[in-house]
Number of protein chains: 2
Amino acid sequence: MNLLKEKILKDGYAIGSNILKVDAFLNHQIDIGLLDEIGKSLHERFKEDSITKILTIEASGIALAVSTAQHFDNIPVVFAKKTESLNLDEELYTSEVESFTKNKSYKIMVSKKYITSADKILIVDDFLANGKAILGLKEIIDQANATLVGAGIVIEKGFQEGGDIIRDMGIKIESLVTIDSIEDGVVKFRD
Amino acid sequence: MNLLKEKILKDGYAIGSNILKVDAFLNHQIDIGLLDEIGKSLHERFKEDSITKILTIEASGIALAVSTAQHFDNIPVVFAKKTESLNLDEELYTSEVESFTKNKSYKIMVSKKYITSADKILIVDDFLANGKAILGLKEIIDQANATLVGAGIVIEKGFQEGGDIIRDMGIKIESLVTIDSIEDGVVKFRD
């Protein structure tokens, strides 16, 4: 996706050899035009898969999930919550996610009311690095006996193991851009 | 906004005399059709105000802010973050928000890069109760010497003091629905 690559080169920036910051347009400030192109592209890659629901994790996945859902025909978004809230029900599916960038684990939860065994679910997320976010969401989908159709990812870090792990499980992954390396602040994309 | 009132009566539910849960369509599962109507209505109420940026707080404000921004002409969304992240810059505006429903305070932060003194900012949020979220965001806007144009709210709890406090400060508030009372699980709207 050329627009996204250009944006990453122009407004993203790398820290060390692992971290790519996209706060300028994706997960702190959000470029609405780019967001729509992302949603359109993710829809394009999963439009034949009879998706009934899009699942993501708060907070940075929400805009992406909404933008993707808008291109499908009337399917809802569900976002897993990261912390316990007095406003959430007791009837929850839960799992644990180890964050690569934050170097800690957190608990995610989804109310049992919002995923059923009839659901065919598309996961949407900003980054695929170690794959732990997808695996955590998959655990919740499995608990609900729902079907995981695949995962639509904006930026895959091709130099980390997550993509291989998830694909080896037979799960369809579509990443809009894949990064082969980050070296001295220079981002190299996979062709 | 009749569609929203119908949705609240059908899929929302009240706890005690203070809490209205809208997890089914607004802040856990998101109804994309309703979300678009909300964005359209909030745009309608602020379209003459030369807005340059929409500001909200993660996580439940993000979908609303995106949906509203989509009806403006190419303005970005910025969402304040609730927790410190290794992925965030050191150069931050910060303030504190006392959550009514969670009964605790949390810190919010926005990178100095994403609000400038030239910005005319619309705050968007799901609920207006004690007004503390708007006041916390206003503090950040003031730190940046930006202009707070107003706040677009989905559901105002008219029986709490936030709306009066903010309006008395001369800030334009537009709430799509205002609730006069919640009693024995029955929600009463203001006409």
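A polar contact is a pair of N or O atoms within 3.5 Å; within protein, one must be able to donate a hydrogen and the other to accept it, and residues adjacent in sequence count only if both atoms are side-chain atoms. Between chain B and chain A there are 15 residue pairs in polar contact, both residues at pLDDT 80 or more. The model is predicted: local features need pLDDT of at least 70, side-chain atom pairs count only at pLDDT 80 or more, and totals for chains, interfaces and linings use all residues. Residues are numbered from 1 along each chain as its sequence is written, chains are lettered from A and ligands numbered from 1 in the order in which they are written, and side-chain values use heavy atoms, with hydrogens and water left out.

The contact (heavy atoms within 4.5 Å) takes 37 residues from chain B and 37 residues from chain A. The two chains bury about 3500 Å² between them, 56% of it on carbon and sulfur atoms; buried area is the accessible area (1.4 Å probe) that two parts lose on being put together, summed over both. The count of salt bridges (a side-chain nitrogen of Lys or Arg within 4 Å of a carboxyl oxygen of Asp or Glu) between chain B and chain A is 0.

Strands and helices are DSSP runs, strands (E) of at least two residues and helices (H or I) of at least four, numbered from the N terminus. Strands pair if DSSP finds at least two bridges between them. Across the two chains, strand β5 (residues 77-80) of chain A runs antiparallel to β3(B), joined by 2 bridges; Val77(A) has Ile30(B) as its bridge partner.

Within chain B, β9 (residues 147-157) and β10 (residues 172-183) pair in the parallel sense over 7 bridges, and Glu156(B) is partnered by Thr178(B). β10(B) is also joined by 4 bridges to the antiparallel strand β11 (residues 186-189) of chain B. These two strands form a hairpin with 2 residues between them, and Asp184(B) in the turn has a positive phi of about 50 degrees.

Over all chains, the structure holds 30 salt bridges. Asp23(B) and Lys21(B) form one of them, with the closest N and O atoms 3.7 Å apart. Asp23(B) counts as buried because its relative accessibility is 6%, and Lys21(B) is buried at 3%; buried means under 20% relative accessible area, exposed over 50%, partly exposed in between (1.4 Å probe, protein chains only).
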